[in-house]
Amino acid sequence: MKIIAIGRNYREHVKELKNTVPSEPVIFLMPETALIKKNQPFFYPDFSNNVHYEVELVLKINKLGKNIAEKFAHRYYDEIGIGIDFTARDLQNDLIQKGLPWEKSKGFDGAAPLGKFLNKDTFPNVQDINFTLEKNGELVQSGNSKDMIFSFDAIIAHVSKFFTLKIGDLIFTGTPAGVGPVKIGDELIAKIEEHELLKLHVR
Ligand code: ZN
């Protein structure tokens, strides 16, 4: 399986990092070894002093597809979950400045904690899903899928032009504003609507 992630997909987050609003989805890949499952802890890496949390809605692909038309894209996922796209911001800024790929700062071991999934049918409208991240009991990020620059369906259509989607592939759909650093000892809780789907300790 592969993990596809979308960058710069919420205007307020684009602004906070002083990036420009993209005209098409910004795509990067993460290896399977980035995943943390079952609320296992995240071990703070020694190559960064500024790891940021980014809470994101995650789609699970349930059908093989390539060149998927946007109007059919909704047929290619049936579960929506939540994950964190941990980013070594210091390393990422350094790589961007040098014009180098940013995988090391985004796809390192443990960079992608993944929570439980909910069936798509749970949601009356997938373009109106609230999700949050709490750090040590304090609300730090709050987003709604209606604020995405590129919708789930637009993302699937665009991504599948370049990468064949396979059953079990995951798509991290971008983070809303409010990203910030974690430190050893922090506890993160991610929710979709009232459902607590991910709890993670930083070790
Ligand atoms: Zn992200």
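**Entry 1: the metal site**

I began with a definition: donors are N, O and S atoms within 2.8 Å of the metal (3.2 Å for Na, K and Ca), and water is not among the atoms, so sites may look incomplete. I noted that this is a predicted model, where local features need pLDDT of at least 70, side-chain atom pairs count only at pLDDT 80 or more, and totals for chains, interfaces and linings use all residues. Residues are numbered from 1 along each chain as its sequence is written, and side-chain values use heavy atoms, with hydrogens and water left out.

Which residues are the protein donors of the zinc ion? I found E54 (OE), E56 (OE) and D85 (OD), lying 2.1 Å from the zinc ion. Along the chain, these donors follow the spacing E-x1-E-x28-D. The pair E54 and D85 links distant parts of the chain, 31 residues apart. I placed E54 in the loop between β4 (51–53) and β5 (55–61), and D85 in the loop between β6 (77–84) and β7 (87–88). These element names come from DSSP runs, numbered from the N terminus: helices are H or I with at least four residues, strands are E with at least two.

Are E54 and D85 buried or exposed? I used these cut-offs: buried means under 20% relative accessible area, exposed over 50%, and partly exposed in between (1.4 Å probe, protein chains only). E54 is buried because its relative accessible area is 3%. D85 counts as buried too, at 1% relative accessibility.

**Entry 2: a covered helix**

Next I went to helix α4 (residues 152–162), which is mostly covered: nine of its 11 residues are buried. Among them I listed F152, I155, I156 and V159. What covers the buried residues of α4? The cover includes β1 (3–7), β2 (26–30), β5, β6 and β11 (170–172).

**Entry 3: F42 and its neighbours**

I then looked for F42 and found it in the loop between β3 (35–36) and β4. F42 is buried, since its relative accessible area is 0%. Leaving out residues up to four places away in sequence, F42 touches I36, V51, F86, F108, G110, L200, H201, V202 and R203; contact means heavy atoms within 4.5 Å. I also checked I184, 142 residues from F42 along the chain: their C-alpha atoms are separated by 9.0 Å.

**Entry 4: two positive phi angles**

R8 is not a glycine, yet it has a positive phi of about 55 degrees. R8 lies in the loop between β1 and α1 (11–16) and is partly exposed, with a relative accessible area of 22%. K38 also has a positive phi of about 55 degrees without being a glycine. K38 lies in the loop between β3 and β4 and counts as exposed at 77% relative accessibility.

**Entry 5: the whole chain**

Last, I stepped back. The secondary structure of the protein chain comes to four helices and 14 strands. Of its 203 residues, 53% count as buried. Among contacts in the protein chain with a separation of 6 or more, 76% join residues 24 or more positions apart. The C-alpha atoms fill a box of roughly 45 × 40 × 30 Å, taken along the principal axes.
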